[in-house]
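Open the model in your viewer and keep the sequence panel beside it. This tour tells you what to select at each stop and what is there.

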Amino acid sequence: MGLEPELLNARTTFVAVQARLVFRSKADEEAVLELMRRFSAAYRWTYRRLLEGYDPNTLKRADGPMTKLFGLGLKYNEGVRDLAKWKLGALKKLGQAPEKIVFGGRGLFRRLGRKGDLRSRLEAKRLWWERRNGLLYCPGDRSQPSGNPNLRLFCEHGALWLRILLEGTPAKGRYVDALVQTSSPYLEAIAEAVGRKGVAPIGVNLRLRDGKVYAIFARSLPSPAPHITRQGGVLGVDVNARPLHLALAVAGPDGNLRRYLTLSLEEVDRIRERKRGGAPTP
């Protein structure tokens, strides 16, 4: 999410980093949680409007209903629209009824109605609230410093911080800052965009989990052109439907067959069918 169309069509490598966010104060954290709650409500509302046939571009306009109802700016509106469109499209591709979606999870929803010990029900209620209200997303923008206008990375005293726009515009708005904590080896690929324009857009997702706020940064990097030789030999892979299996063959640098084998995929297919509630393919 958050990548421009030309990047999606190019040969690219995608890098994603998950990090814990630590806020300067409890008040700053509460302000971000409130923003996430409004964004999540807008996401559910927009998804329902898309089911009713509303134009997603009309919904996300700065003077449109999303802004009036939930107080979000244009780029957050775009994030709401993108996520709602993606979710709707994904459910249709999976053959699931998009109108029967349960935000927060069907399993948790069922747990809320069950009788049981109080601790288990309270835990289900907490998880339910987090999944329904702990979401914030802003698509990237290559014209902005650090590749994102509303969720912008910057460096301070050798540490990496995320500046979160609460209200207003990126140029004139109210922000809070959060320290980015992660041990990911791919952090450098994300951090090198700090303070630069024209870099690949960085889509940023904020998620609430176990009472803590986490950020997921996603960026595309140009991939080198493939360079294929027979110096180390060649591996050939073929997928066959009946019986469902992988066929593999290894040839040496001289082109002569060294080894071949087959790997059955029927158990994988049975697991997939059980998750869908259907019968395995005979």
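**Start at a glycine**

Select Gly-168: at 47% relative accessibility, it counts as partly exposed. Buried here means under 20% relative accessible area, exposed means over 50%, and partly exposed lies in between, with a 1.4 Å probe and protein chains only. Gly-168 lies in strand S4. Helices (H or I, at least four residues) and strands (E, at least two) are DSSP runs, numbered from the N terminus. Gly-168 and Gly-71 are 97 positions apart in sequence, yet 9.4 Å apart in space, C-alpha to C-alpha.

A word on the model: it is predicted, local features need pLDDT of at least 70, side-chain atom pairs count only at pLDDT 80 or more, and totals for chains, interfaces and linings use all residues. Residues are numbered from 1 along each chain as its sequence is written, and side-chain values use heavy atoms, with hydrogens and water left out.

**Zoom out: the whole chain**

Show the protein chain as a cartoon. Its secondary structure comes to nine helices and ten strands. Of its 282 residues, 39% are buried. Switch to a surface view. The accessible surface comes to about 16900 Å², and 53% of that belongs to carbon and sulfur atoms. These areas come from the Shrake-Rupley method with a 1.4 Å probe; for residues, only the protein chains shown count as cover. Contact means heavy atoms within 4.5 Å. Among contacts in the chain with a separation of 6 or more, 58% join residues 24 or more positions apart.

Select residues 151-156 and 159-168. These are strands S3 and S4, which run antiparallel and are joined by six bridges. Two strands pair if DSSP finds at least two bridges between them. Pick Cys-155: its bridge partner in S4 is Leu-160. Phe-154 stands opposite Trp-161 in S4. In a regular strand the side chains alternate between the two faces of the sheet.

Next, select His-157. It lies in the loop between S3 and S4. That hairpin has two residues between its strands. What is the phi of His-157, which is not a glycine? It is positive, about 55 degrees. Most residues other than glycine have a negative phi. At 81% relative accessibility, His-157 counts as exposed.

Carry on to residues 173-181, strand S5. S4 and S5 run antiparallel, joined by seven bridges. They form a hairpin with four residues between them. Select Ile-164 and look across: its bridge partner in S5 is Val-176.

**Asp-28 and its contacts**

Asp-28 is found in helix H2, residues 26-51. Which residues does Asp-28 touch, not counting those up to four places away in sequence? They are Phe-23 and Val-176. Now draw a distance from Asp-28 to Ala-178. The two are 150 residues apart along the chain, and their C-alpha atoms are separated by 8.5 Å.

**Another positive phi**

Jump to Asp-210. It sits in the loop between strand S6 (202-209) and strand S7 (212-222). Asp-210 is partly exposed, with a relative accessible area of 47%.

**The S8-S9-S10 sheet**

Select 234-240, 245-251 and 257-264. Three strands form an open antiparallel sheet here, in the order S8-S9-S10. S8 and S10 stand at the edges with a single partner strand each, so one side of each is left without a neighbour in the sheet. The twist averages 15 degrees from one strand to the next. Angles run from 0 to 180 degrees between N-to-C directions, and axes are lines fitted to C-alpha atoms, for helices over the stretch in contact. S8 and S9 pair over seven bridges. Pick Leu-235: its bridge partner in S9 is Val-250.

**Last stop: two packed helices**

Select helix H6 (residues 106-113) and helix H7 (residues 118-133). They pack at an angle of about 145 degrees, with their axes 9 Å apart. Show side chains. Leu-108, Phe-109, Arg-111 and Leu-112 in H6 meet residues in H7 including Ala-124, Leu-127, Trp-128 and Arg-131.
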